[in-house]
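Biologist: I have a model open and would like to learn how to read it. Can we go through it feature by feature?

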Amino acid sequence: MMPDPFNNPPSRLQTRSVKWDYLRDVFGVDSLIPAWVADMDFPAPASVQEALTTRVAHGIYGYSRCPQELKSLIVQWYQRYHAVTLLPEWLIYCPFGVVSAMGFCLQALLNKDQAVVVMPPVYPPLFNQPTQMGYSVLRSPLRHENNEWSMDLAHLAQLCQTTPVAMVSLCSPHNPVGRVWRREELLELAALQKKYGFLVFSDEIHSDFLMPGFTHSPYFSLGEEAALRSIVFHAPNKTFNLAGCASSYIIIPDPQLRRKVAQTIEPYGFHDGNVLSQQALASAYRDGHDWLAELKEVLFQNYTDLRAALKDSCYRPSATEGTYLSWIDCSALADSPEVIRKRLLTEAQVGLDDGVKFGPGGAGYQRLNFACAPQTLREITTRMLKLG
Ligand SMILES: Cc1ncc(COP(=O)(O)O)c(C=O)c1O
C-alpha cells in the first residue's frame, strides 16, 4: 500500500508511544489494538515536519525566543475557525501542556482552602489535579437523559448557595461525552457565574474537532463580564498530534488575573521554552489548514463508520458532536465495569479507556478513540462485535 498519512500511517510500534508501546503496563496484556488516550495515529502535517527538520538541521539549539508572529497566528486562528476576536495581549504562551498550564493557574488564582467544581464524567486530571494540589473538589455531575448529556446548572447553583465556589472547571467540547456546548448553555453558565462570582477555567483543547454543523463558542467570547472572569486553555497538541512537543497557550482577558498567572510561572525559569515546540506551533498554525481540513473529513468518516458498525449491536455510543472520542455505553456486556473491561481486553482484544476513571457517571462506559486509520477502526469494531 502507498504511504498515506491518514489511510496508511506509519506504525508507531517501538517509538516509545504511550498509546502503543506499553500495553502490558497499561492493560496487563500484550496483544490488543489500543484505542485509548487522546492521541492520534496520524503524522503531523508535512509542513510541520519540514519546519522541524530544517530547525534540527541547523544543529544549534540554544535559548530561543518564540517566533514573533506566534501571537498573531493564534489571533488569526480564532478568527478563521470561530469567527471571534481576541487581543494578542490576552495570550500567555506556555512551553508545557494544558494540564500544567491549569496547575499554574490554580496556584496563581486560588487559595488552598477554596473550592472548585468539576462536571464528571470528565477528563480525569480536571479533578485529580486540584485534589492533588490540595483544593477542595466538588462534583456537579452531568445530567444524562435519553442518551443525551447536559450540564446540571440547577445543581451547580445549589452548590454555590451552600459553599463559596472559587472556580468552575469546564471542558468545552466535553471529553469524554463529546458534547459541544451550545452558546445558550454557556450563557446560562455565565449567568450563574455573574451571580456567584466564580472563575471559569475552560479547557478548550478539543475545540478544533467539531462534527459538521457544530459551532464552538470560546468562553471569552460570551461577553465582557464572562471574559473577565475566565481563563481559556488551548494547544496544538490534540489538533496537530503534537502532544510530545508539549506547548499550549492561555487566554486571559483580565489584566490582573493575567499578571498573577505570568508572575506565578516566571520564577520556574521556562524562558520561551523548547525551540522545536515553538517551531511546531507556528508552522502548524501558519501552514496546517489543508491538513486539518482533510483530517476532519477522515475523522467524520470514521465516526460515521463507527456508528454504522455499532448500530444493531449491544453498544450504545453517545452522540459525538466534537472531539475524536466516542463515549460508549457497554453495560449490556456485563453488570460490573470490571467484567466489561475484562471482556473487551481479553475476548475482543481492544484497549479502550474504562469509563470508571472519568468519575461518577462513567461506570458501564468505555471511551473509544477513533483518530486512527480506517482499517484499524474496522478491526476494532469487528473485534467488539464478536461480544454482541
Ligand atoms: C480535555 C483535555 N485537556 C487536556 C489534555 C492534555 O493536554 P496536554 O497534553 O496539553 O496537557 C487532554 C488530553 O487528553 C484532554 O483530553
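Predicted model: local features only at pLDDT ≥ 70, side-chain atom pairs only at ≥ 80, totals over all residues.

Biologist: What is the secondary structure of the protein chain?

Modeller: Count helices and strands. The protein chain has 13 helices and 15 strands.

Biologist: Why is the chain called as compact as a globular protein of its length?

Modeller: Compare its radius of gyration with the globule rule. The radius of gyration is 21 Å, and the rule gives 21 Å for 388 residues, so the chain is as compact as a globular protein of that length. For the extents, take the principal axes: the C-alpha trace spans about 60 × 55 × 40 Å.

Biologist: What share of the residues is buried?

Modeller: Burial is judged by counting neighbours, with 20 or more other C-beta atoms within 10 Å as the cut-off. Buried residues make up 44% of the 388 in the chain.

Biologist: How is the protein chain divided into domains?

Modeller: Read the bounds. Domain 1 covers 23-45 + 289-385, and domain 2 covers 61-287. Their centres, taken over C-alpha atoms, are separated by 25 Å. Domain 1 puts 28 residues into the contact and domain 2 puts in 34.

Biologist: Which elements supply the domain 1 side?

Modeller: Helix H11 (289-310) and strand S12 (325-329) each give at least two residues to the side that touches domain 2. H11 has the largest share, with four residues. By class, this side of domain 1 holds 15 nonpolar, eight polar and five charged residues.

Biologist: What does Ile251 touch?

Modeller: Skip its neighbours within four places in sequence. Ile251 is then in contact with Leu86, Trp90, Leu91, Phe220 and Val232.

Biologist: Last, the ligand. Which residues come nearest?

Modeller: List the shell, then pick out the nearest members. There are 14 residues around the ligand, and Ala38, Gly97, Val98, Val99 and Tyr123 come nearest. Then sort the shell by class: eight residues are nonpolar, five polar and one charged.

How values were computed: Residues numbered from 1 in each chain as written. Near = placed C-beta within 6 Å. Nonpolar A, V, L, I, M, F, W, Y, C, P; charged D, E, K, R; others polar. Domains from an automatic or database assignment. Contact = placed C-beta atoms within 7 Å. Rg over C-alpha atoms; globule rule 2.2 N^0.38 Å. Buried ≥ 20, exposed ≤ 12 C-beta atoms within 10 Å, placed from the backbone.
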